[in-house]
Amino acid sequence: MTLPLAYLDVAAIEEVAVAVWTEVFEATGWPMSLVEKKGSIGHADIVDALRKDSLSDELLHALETLYELGSDAGRDAIVAAMNDCHIPLDTISQNSGEKEFSLRFYLAQRNDAALVDVFARAQIQIQEGGDQKRYNDFLGKYARSFTNLPAKIDALREHVLEHCKKSDLGEHVHVQAFEDDGVFVFNVLRSHHTRKPLAVVPGQTARATIQYRPVHADILRYEASVGRLRIAARATSMVDFYRRTLGAVLFGDQA
């Protein structure tokens, strides 16, 4: 089957390492024009083959995964689904950009029944993403206030830093907070998954991937008078973590 023109994004193809493409081809079938070039192919060869060759249904499925889940939102959907299914995040290498991560995920789920469910959940979340709320509201068991805000800030920072390290989200966490008439607002700045976009570095003409970690700004707002917690997190996979963690930090009770 020939690759649809809409999927032929050269930048996206070049963001995936040749070694990963090789794994994909080994699993789904090599395009005919690349069979004799095994071990010496480059991105230009891959782009040319995807343009001209007849592709297997499995390879087309891998490419659909790349373009459906190979984004910030797609990666968050995968991570959220893995957490929902209680699958360790290190099941798939986290040290890659969104495009590579989606293909590694595709390869992993081909031989792991548990990941097949994760795959379906992530796809559904992306397809229904337009219906998701920007804010997530929760009510505590009781409406309570608390004291010693500086100590709570330090504790929250330590919990977020520990979570980021365990989830391969980096080691940058900064927390600020203030109280306004019984409303406590925590601003969390933290690093996120590694990104490796294709770019041109100033002063250079050749394309290359650059590695960095984006910083996400998350807001946690607690209204003591009614016990309501509102979470605005860039990554949906962080929402439940913040809900449990702030409950534990403020009141020693995750609920």
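Here is a walk through the helix packing and the strand pairing of this structure.

The model is a predicted one, in which local features need pLDDT of at least 70 and side-chain atom pairs count only at pLDDT 80 or more, while totals for chains, interfaces and linings use all residues. Residues are numbered from 1 along each chain as its sequence is written, and side-chain values use heavy atoms, with hydrogens and water left out.

Let us start with the helices. Two packed helices are described by the angle between their axes and the distance between the axes. Helices (H or I, at least four residues) and strands (E, at least two) are DSSP runs, numbered from the N terminus. Axes are lines fitted to C-alpha atoms, for helices over the stretch in contact, and angles run from 0 to 180 degrees between N-to-C directions.

Take helix H5 (residues 72-84) and helix H6 (residues 98-109): their axes are 9 Å apart and meet at an angle of about 40°. That makes H5 oblique to H6 (angles under 35 degrees count as roughly parallel, over 145 as roughly antiparallel, 65 to 115 as roughly perpendicular and the rest as oblique). The crossing of H5 and H6 is left-handed, a term for a near helix turned anticlockwise from the far one by less than a right angle, with right-handed used if clockwise. Asp72, Arg75 and Ile78 of H5 make the contact with Glu98, Phe101 and Phe105 of H6, where contact means heavy atoms within 4.5 Å. These residues divide into three nonpolar, no polar and three charged (Ala, Val, Leu, Ile, Met, Phe, Trp, Tyr, Cys and Pro count as nonpolar, Asp, Glu, Lys and Arg as charged, and the others, Gly among them, as polar).

H6 also packs with helix H2 (residues 18-28), at an angle of about 30° and with the axes 10 Å apart. That makes H2 roughly parallel to H6, and the crossing of H2 and H6 is left-handed. On the H2 side, the residues that meet H6 are Val20, Trp21, Glu23, Val24, Ala27 and Thr28; on the H6 side they are Glu100, Leu103, Arg104, Tyr106 and Leu107. The residues of this contact divide into seven nonpolar, one polar and three charged.

While you are looking at H2, find Trp21 and Phe25, which both lie in this helix, four residues apart, about one turn.

Back at H5, helix H7 (residues 113-127) packs with H5 at about 135°, with the axes 8 Å apart. H5 and H7 are therefore oblique to each other, and their crossing is right-handed. Among the contact residues are Ala77 and Ile78 of H5, and Val118 and Ile126 of H7. The contact of H5 with H7 divides into nine nonpolar, two polar and two charged residues.

Now for the strands, where two strands pair if DSSP finds at least two bridges between them. Five strands form an open sheet with antiparallel pairing, in the order S1-S7-S6-S3-S2. S1 and strand S2 (173-180) are the edge strands, each pairing on one side only. From one strand to the next, the twist averages 15°.

Strand S1 (residues 136-139) pairs with strand S7 (residues 228-232) in the antiparallel sense over four bridges, and Asn136 stands opposite Ile231 in S7. S7 is also joined to strand S6 (residues 215-223) by five bridges, and these two run antiparallel. Here Ile219 has Ala232 as its bridge partner in S7, while Leu220 has Ile231. Four residues lie between the strands in the hairpin of S6 and S7, where Gly227 takes a positive phi near 70°.
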